[in-house]
Structure formats: C-alpha cells, structure tokens
Amino acid sequence: MNFQVTVLKILVSYPDGFAVMDDLKRDMAILATSGRDWADRTRRLASRVPDLDIFSQGLVERISGGWRLTSKGRDILAFMEARPAPSEPSLASLANETSQPVFEIAPRPPLPQPADRAKRRRERRERRREARERARASAS
C-alpha cells in the first residue's frame, strides 16, 4: 500500500505526471531510505483509501517506458491529502468512476542552447575584466 501512495506522490511531482522507470526507481530509493517520517506519512495517506489499487482503478497508466498519473489519480491523491471533514464524500464513488483518462501535456520551454550559455558566460567575464581594469586605473 505504501508503495502505491509513494508512486502517486512521485508522479504528481513530475511535469504532466509522467516519469520514466529509471526516474521512478531513483526517487523510490531516495524516499524509501529517507526514514520513518515518509513511511508514517504514506501509511497515514493510505489509511484514507483502504482498497487502493493504482492500476486497476485507473489512477496510473503504463505508457512508453514509464508511468503517467491520470486526472483520476490526481483526484484520489488530493482526497488522501485533504484534511478529514466530518462528512466525507463516498470514497467508493470516487475510486470506481469509469471515466477516460485525460492527458494534460503542458508545453515545455526550450532548453537554453549551449552557444547562448557560452555567449552569456563570455560577456560576464568581459564585464568583470573591464570592472577590474577600471578599479586598477582608479586606484593608481
């Protein structure tokens, strides 16, 4: 059960909820060795949804070398993390909805090109060099 909650928490932290298996394994190892706090937290979250099964309930789907969190998975995770209220909605209706997963792919900004970074680095070095020369000239 803690494994499934951990998978949900990891996937929600990635852009568009998708992570390749290597990233999932790395993050899983980090969280598994982080101590009792994480184990207690996942146990507490899992207690809110006793019959959690991320794959059969359609909360996570396996695609192209990784796993993706569905919108239904985001809803269940939000439910688990919400503070308990006196009158909670029926969990069975939330977990057993039959809806198609919605893919939310956010556009990613282009990565800075190495030439741009090198150009900015050269410009910074040149500005520093000029500032040093001005400081030396004014000191003499």
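**Entry 1: the core**

Which residues of the largest nonpolar core touch the most other members? I looked this up first, in what is a predicted model. The core has 22 residues, and the ones that touch the most other members are Val7, Leu8, Leu11, Leu52, Ile54, Val60 and Met80. I then checked where the core comes from: at least two residues each are supplied by helix 1, helix 2, helix 3, strand 3 and helix 4. Helix 1 gives the most, with five residues.

Leaving aside residues up to four places away in sequence, I found Leu8 touching Leu52, Ile54, Leu59, Val60, Leu69, Leu77 and Met80.

**Entry 2: Leu77**

Is Leu77 buried or exposed? Its relative accessibility is 2%, so I put Leu77 down as buried. Beyond residues up to four places away in sequence, Leu77 touches Leu8, Lys9 and Val12.

**Entry 3: the whole chain**

I stepped back for an overview. I count six helices and three strands in the protein chain, and they follow the pattern α-β-α-α-β-β-α-α-α along the sequence. Of its 140 residues, 29% count as buried. I also looked at contacts between residues at least 6 apart in sequence: 68% of them join residues at least 24 apart.

**Entry 4: helix 2**

Helix 2 was next. It has twelve residues and reaches 16 Å from its first C-alpha to its last, close to the 16 Å expected at 1.5 Å a residue. Which of its residues are buried? I noted Leu24, Asp27 and Met28. They cover an arc of only 105° around the axis, so they sit on the same side of helix 2. On the face turned away from that buried side I found the exposed residues Asp22, Lys25 and Ile30. I then asked what covers the buried residues of helix 2, and the answer includes helix 1, strand 1 and strand 3.

**Entry 5: helix 3**

I ran the same kind of check on helix 3, residues 36-47. Its twelve residues should span 16 Å at 1.5 Å a residue, and its end C-alpha atoms are 16 Å apart, which agrees. The buried residues here are Trp38, Thr42, Leu45 and Ala46. Looking down the axis, I see these buried residues within an arc of 100°, so they line one face of helix 3. What do they pack against? Their partners are helix 1 (2-12), helix 2 (21-32) and helix 4 (71-81). The face turned away from the buried side carries Arg36, Asp37 and Ser47, which are exposed.

**Entry 6: rings**

How many aromatic pairs does the structure hold? I found one. The rings are those of Phe55 and Trp67, with centres 5.0 Å apart and planes at 80°, so I recorded the pair as edge-to-face. The pair links distant parts of the chain, twelve residues apart: Phe55 is in the loop between helix 3 and strand 2 (60-63), and Trp67 is in strand 3 (residues 66-69).

Phe55 has a relative accessibility of 26%, so Phe55 counts as partly exposed. Trp67 has a relative accessible area of 13%, which means that Trp67 is buried.

I also looked for charges over rings. Arg62 lies over the face of Phe55, at 3.9 Å from the ring centre. Arg48 lies over the face of Phe79, at 4.9 Å from the ring centre.

**Entry 7: backbone**

My last stop was phi. Most residues other than glycine have a negative phi, so I was happy to stop at two exceptions here.

Asp16 has phi near 50°, a positive value in a residue other than glycine. I located Asp16 in the loop between helix 1 and strand 1 (18-20). Its relative accessibility is 16%, so Asp16 counts as buried.

Ser64 also has a positive phi, near 30°. I found Ser64 in the loop between strand 2 and strand 3. Is Ser64 buried or exposed? At 66% relative accessibility, Ser64 counts as exposed.

Conventions. Residues numbered from 1 in each chain as written. Predicted model: local features only at pLDDT ≥ 70, side-chain atom pairs only at ≥ 80, totals over all residues. Heavy atoms only, no water. Helix = DSSP H or I, 4+ residues; strand = E, 2+ residues; numbered from the N terminus. Expected span 1.5 Å × (residues − 1). Buried < 20%, exposed > 50% of the residue type's maximum accessible area, 1.4 Å probe, protein only. Arc of directions from axis to C-beta. Contact = heavy atoms within 4.5 Å. Phe/Tyr/Trp six-rings, centres within 6.5 Å; stacked < 30°, edge-to-face > 60°. Lys NZ or Arg CZ within 6 Å of the ring centre and 35° of its normal. Core = buried A, V, L, I, M, F, W, Y, C linked by side-chain atoms within 4.5 Å.
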